[in-house]
Every structure is written in structure tokens, then in C-alpha cells.
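Look at the model and ask what each label rests on. Each question below is about a word and the value behind it.

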Amino acid sequence: MTISGAAMVGGVCGAPVKHSMSPLIHNAWIAAAGIDAVYAPFAPTLESFEAFVNGLRGGAIKGLNVTIPFKERALACADTASDLARMAGAANLLVFKEDGSIHGDNTDGPGLLGAITAQAPGFDVTAAPVVILGAGGAARGAVAALLLAGAPKVAIVNRTLARAQELVDAFGDKVVAADEGALPELLAEAGLIINATSLGLGGGEGPAADFALTPENAVVMDMVYKPLRTEFLQRAQAAGRRTVDGLEMLLRQAIPSFEAIYGAAPSPEVDVRGMALKLLGEPC
Ligand code: NDP
């Protein structure tokens with residue numbers, strides 16, 4: 001497929017951006033859809049992010065995914081924003097309108113829920129409390145999506161309790177902050193347990209959690225996807241719990257992004273998971 005001078009342009013920006021899998025995923029979907037479009041990586045400097053984004057206003061680009069460390073600053077650049085982005089305090093997608101305005105959205109939360117639907121079919125987020133380990137940006141986005149989806153209670157367990165408390169302050173009384181000591185009690189009633197810390201990234205141990213304490217139908221998810229089968233997920237699997245991996249979340253957040261940027265649905269025929277696994281050096 002040739003890219004013409006009228007091609008729709010989309011992309012991803014981050015610092016660094018060179019490890020992003022988004023160009024691979026989106027360009028495969030573009031090729032399958034046969035549309036005149038391109039998806040490119042951009043690496044603005046830490047100082048130049050706002051100038052870069054504002055310079056794209058008015059039609060230079062259709063949409064831009066945003067990754068670490070710019071998601072909060074991306075939301076601040078947006079003129080309008082979705083409820084999810086506002087609740088998450090971060091935008092991972094900016095859509096550039098022809099009138100020069102920018103709309104911010106957050107597809108990480110829908111990505112998380114989509115991954116659970118795909119890998120733990122039938123799971124009901126409204127049925128039991130959620131335990132999130134970690135209180136950073138990823139945890140915040142997860143809390144927003146889970147509350148909007150009807151989770152009855154979300155407990156945040158974090159090394160730095162004050163950071164977990166910030167989420168309680170932001171989201172209200174359905175969210176509680178706890179330290180590791182409260183974990184056994186929280187796990188005993190949990191329907192969903194999510195690792196949103198960076199523990200386990202690149203191998204090594206994930207956060208402590210005795211999955212034998214959880215209800216038998218509990219689902220365990222790890223946002224970390226390098227390696228794919230993290231130590232955290234391996235422990236959950238050994239305890240007989242259903243698991244959801246972080247790669248599926250990453251792939252699922254790309255779907256609404258593609259739709260918003262190019263106005264077309266990505267083809268389910270493209271094996272983006274297989275492509276991503278190959279890139280990660282994981283067996284397909
Ligand atoms: P942040 O840096 O904002 O937060 C990191 C979190 O990990 C904090 O809660 C921090 O605790 C905790 N943490 C870090 N080191 C330790 C440690 N040694 N012991 C205990 N806790 C620790 O990162 P993000 O929230 O942006 O990302 C978290 C993870 O989620 C990353 O691995 C990231 O790659 C992954 N992610 C995956 C996505 C996907 O699509 N699959 C999307 C977004 C993120 P403290 O507050 O005490 O420092």
C-alpha cells in the first residue's frame with residue numbers, strides 16, 4: 001500500500017519511544033484495512049512536549065498516542081477530555097480536530113477491561129472488591145475504569161501509603177488505602193487482584209500476595225508484560241487462579257485509539273498478539 005500526500009497521519013510520542021510496539025500494531029492494521037494512512041513514532045524532548053503537541057493543532061495529524069512520561073502533561077494540553085481521562089488525570093490519546101482543538105482520552109482503562117473480558121471470560125467486575133497493588137499512574141487509570149465499570153470497592157496497597165491515600169482523596173469512599181499488613185484480609189474477599197507496580201518488570205519477583213487466600217474464582221492480572229508470564233502470574237496460576245497478562249491490556253488499548261485516529265475498526269484477522277510476542281522474544 002502506497003502512502004500518498006493525502007495520507008492520514010497518526011503516531012505515538014514518548015521519552016523514550018523507541019521500544020513502543022504501537023507503530024508495529026497500528027501499521028499492521030492500516031495495511032489490513034487498505035487505507036491511505038501512516039502511524040509514526042515521535043520523540044519530543046522533556047522540555048519540548050507542549051510546543052510539539054500545540055504545533056500539531058489544526059490538521060497536521062489526526063491523533064497521537066502518548067506514553068511515559070507525558071500522559072499527565074498530554075491531558076493538560078487538551079481543550080476537552082473524556083470522563084475517563086479526567087478521572088485518571090492522564091491522557092494516552094490526543095485527537096486533533098480540524099477547528100484546532102484537541103480532545104484528550106484514556107484508553108488504558110478500556111484496555112484493562114478488554115483484556116479481562118478476553119482472558120477471563122464471564123468475570124463480573126461488579127461482584128466483588130478489587131485489590132490493586134501499586135499507586136502510580138497505571139493504578140490511577142485502573143481505578144477510574146474499574147469504578148466507571150461498577151466495581152463495588154477498590155483497595156490500593158502500596159509501599160508508600162501516602163500515595164495510595166492520594167487515590168482515596170481523588171476517587172472517594174469506594175477506594176481504600178491499605179498497607180501490606182492488611183493484604184490477607186483484602187485478598188480473602190477479592191474478585192480481582194492487579195499488579196500495577198513495576199515489580200517483576202524484566203524478570204524477578206512480583207509483589208507479595210498469597211493467592212491461596214483468595215476466593216477460587218478470583219482473577220489475577222499483571223500489568224507488567226516483560227516477561228509475559230511474570231513470577232506474579234505464575235504464582236497465581238500455581239494456586240489455580242485465572243490470569244490476565246499485561247500484553248493483552250496493551251493490545252486492547254490500541255483498538256479504541258486506532259478507531260479514534262483513523263475512523264476505522266482494526267481487523268480481527270491481524271494477529272497483533274503473535275507479532276508482539278515475536279518482538280518480545282516470547283514463544284507464540
Ligand atoms: P509509576 O512509576 O507511576 O508507579 C510505580 C509503582 O510501583 C508505584 O506504586 C511504586 O510504589 C511501585 N514500586 C516500584 N518499585 C517498587 C518496589 N521495589 N517495591 C514496592 N513497590 C514498588 O509506574 P506506572 O504506574 O506508570 O506503571 C506501573 C507498571 O505498569 C509498570 O511496570 C508499567 O510498565 C506497567 N504498565 C503497563 C501497561 C499495559 O498496557 N500493560 C500500561 C501502563 C503501565 P511507590 O509509590 O512506593 O514508589
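Predicted model: local features only at pLDDT ≥ 70, side-chain atom pairs only at ≥ 80, totals over all residues.

Residues are numbered from 1 along each chain as its sequence is written, and side-chain values use heavy atoms, with hydrogens and water left out.

Q: How many helices and strands does the protein have?
A: Eleven helices and twelve strands. Both are DSSP runs, numbered from the N terminus: helices are H or I with at least four residues, strands are E with at least two.

Q: Why is Ala81 called buried?
A: Buried means under 20% relative accessible area, exposed over 50%, and partly exposed in between (1.4 Å probe, protein chains only). Ala81 has 18%, so Ala81 is buried. Ala81 lies in strand β4, residues 80-81.

Q: What does Ala81 touch, leaving out residues up to four places away in sequence?
A: Leu75, Arg86, His103 and Gly104. Contact means heavy atoms within 4.5 Å.

Q: What makes Gln253 buried?
A: Its relative accessibility is 8%, so Gln253 counts as buried. Gln253 lies in helix α10. Beyond its neighbours within four places in sequence, its contacts are Asn65, Asn92, Thr107, Asp108 and Gly111.

Q: What makes the pair Gln253 and Asn92 a polar contact?
A: A polar contact is a pair of N or O atoms within 3.5 Å; within protein, one must be able to donate a hydrogen and the other to accept it, and residues adjacent in sequence count only if both atoms are side-chain atoms. The side chains of Gln253 and Asn92 make such a contact at 3.3 Å.

Q: Which residues are closest to the ligand?
A: Ala135, Ala138, Asn158, Arg159 and Thr160 are the closest of the 19 residues that surround the ligand. A residue is near a molecule if one of its heavy atoms lies within 4 Å of it.

Q: Where do polar atoms of the protein come up to oxygen atoms of the ligand?
A: A polar backbone atom of Gly137 is 3.1 Å from a ligand oxygen. For a polar side-chain atom of Arg159, the value is 2.8 Å. For an N or O atom in the side chain of Thr160, the value is 2.5 Å. The ligand alone exposes 930 Å², and the protein buries 75% of that. These areas come from the Shrake-Rupley method with a 1.4 Å probe; for residues, only the protein chains shown count as cover.

Q: Which element gives the largest share of the shell around the ligand?
A: Helix α10, with three residues.

Q: Which peptide bonds are cis?
A: A cis bond joins Ile68 and Pro69, with omega about 5 degrees. The bond from Lys226 to Pro227 is cis too, with omega near 5 degrees. Most peptide bonds are trans. Pro69 is in the loop between β3 and α3, and Pro227 is in the loop between β11 and α9.
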